[in-house]
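The sequence and structure come first.

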Amino acid sequence: MMQIACEEALFGMENNDGGPFGAVIIRDDVIIASAHNEVLKTNDPTAHAEINAIRKASHILGRFDLSDCTLYTTCYPCPMCMGAIFWARIPTVYYASSMEDAAEGGFDDRHFYTMIRNPETSLNLHPIDPEKGKELFNKWLEKKDRVLY
């Protein structure tokens, strides 16, 4: 599976779609989705290989819960991708390159992990109109057909 992830990464690099990243999602030893980084191709900073693979797998399976799947990725996931992996409930991730390898290759995500620990030191976060926000959650809780995720 890692070989397929690497082939995805090479394809993306050779076509200038994005950086050297590929991912594969499997279930019961069957490939559900494979993808590569498409940040440059789409001008979408969220178009990382893992995110693209999760989107494809969710579409193919018709569900957001991928808790019966496994992810293979060519690099240790960045914080955004790690968050998507958590939200998709993927329990097992195999990766090839380390965070240090990524940093040496020009993709240093370590500072993002540091920023996430205390976002107020890196972003100007300002609460505004909290009552409107609470109102939305109250309406959500009143919704009879809501689906929790």
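## Core

Contact here means that heavy atoms lie within 4.5 Å of each other. The model is predicted. Leaving aside neighbours within four places in sequence, isoleucine 54 is in contact with Ile25, Leu66, Ala84, Ile85, Ala88 and Ile90.

Isoleucine 54 also belongs to the largest nonpolar core, which has 22 residues. The members that touch the most other members are Ile25, Ile54, Ala57, Leu66, Leu71 and Ile90. Two or more residues of this core come from each of E1, E2, helix H3 (49-61), E3 and H4. The most come from H3, which gives 5 residues.

## Strands

E1 is paired with two strands. With E2 the pairing is antiparallel and is made by 6 bridges. Within this pairing, glycine 22 stands opposite histidine 36 in E2, and isoleucine 25 stands opposite alanine 33 in E2. Isoleucine 25 is also one of the core residues that touch the most other members.

With strand E3 (residues 70-75), E1 pairs over 4 bridges, again in the antiparallel sense. Here isoleucine 26 stands opposite threonine 70 in E3. How much of E1 is buried? Of its 6 residues, 5 are buried, and the strand is mostly covered.

## Turn and positive phi

Most residues other than glycine have a negative phi, and the exceptions can therefore be listed one by one. E1 and E2 form a hairpin with 2 residues between them. Aspartate 28, in the turn of this hairpin, has a positive phi of about 50 degrees. Aspartate 29 is in the loop between E1 and strand E2 (30-36). Its phi is near 65 degrees, a positive value in a residue other than glycine. Aspartate 29 is exposed, with a relative accessible area of 67%.

Asparagine 16 has a positive phi too, of about 55 degrees, although it is not a glycine. This residue lies in the loop between helix H1 (2-14) and strand E1 (22-27). Asparagine 16 is exposed, at a relative accessible area of 58%.

## Aromatic rings

A pair of aromatic rings is described by the distance of the centres and the angle of the planes. The count for this model comes to 6 aromatic pairs. One of them is formed by phenylalanine 21 and phenylalanine 107, with 4.9 Å from centre to centre and 85 degrees between the planes. This pair is edge-to-face, because planes over 60 degrees apart are counted that way. The pair links distant parts of the chain, 86 residues apart. Phenylalanine 21 is in the loop between H1 and E1, and phenylalanine 107 is in the loop between helix H5 (99-104) and helix H6 (110-117). Phenylalanine 21 counts as buried at 15% relative accessibility, whereas phenylalanine 107 is partly exposed, with a relative accessible area of 33%.

Tryptophan 87 and tyrosine 149 form another pair, which is tilted, with 6.2 Å from centre to centre and 55 degrees between the planes. These two residues also link distant parts of the chain and are 62 residues apart. Tryptophan 87 is in helix H4 (residues 79-88), and tyrosine 149 is in the segment after helix H7 (130-142). Are these two residues buried or exposed? Tryptophan 87 is exposed, and tyrosine 149 is exposed as well. Together with Phe64, Trp87 and Tyr149 form one aromatic cluster.

## Cysteines

How many disulfides does the model contain? The count comes to 0 disulfides. For cysteine 6, the nearest cysteine sulfur is that of cysteine 75, 11 Å away. A disulfide needs two cysteine sulfur atoms within 2.5 Å, so cysteine 6 is in no disulfide. Cysteine 6 is partly exposed, with a relative accessible area of 29%.

Cysteine 69 is in no disulfide either. Its nearest cysteine sulfur belongs to cysteine 81 and is 16 Å away. Cysteine 69 counts as buried, at 1% relative accessibility.

Methods:
Residues numbered from 1 in each chain as written. Predicted model: local features only at pLDDT ≥ 70, side-chain atom pairs only at ≥ 80, totals over all residues. Heavy atoms only, no water. Buried < 20%, exposed > 50% of the residue type's maximum accessible area, 1.4 Å probe, protein only. Phe/Tyr/Trp six-rings, centres within 6.5 Å; stacked < 30°, edge-to-face > 60°. Pairing = 2+ DSSP bridges. Core = buried A, V, L, I, M, F, W, Y, C linked by side-chain atoms within 4.5 Å.
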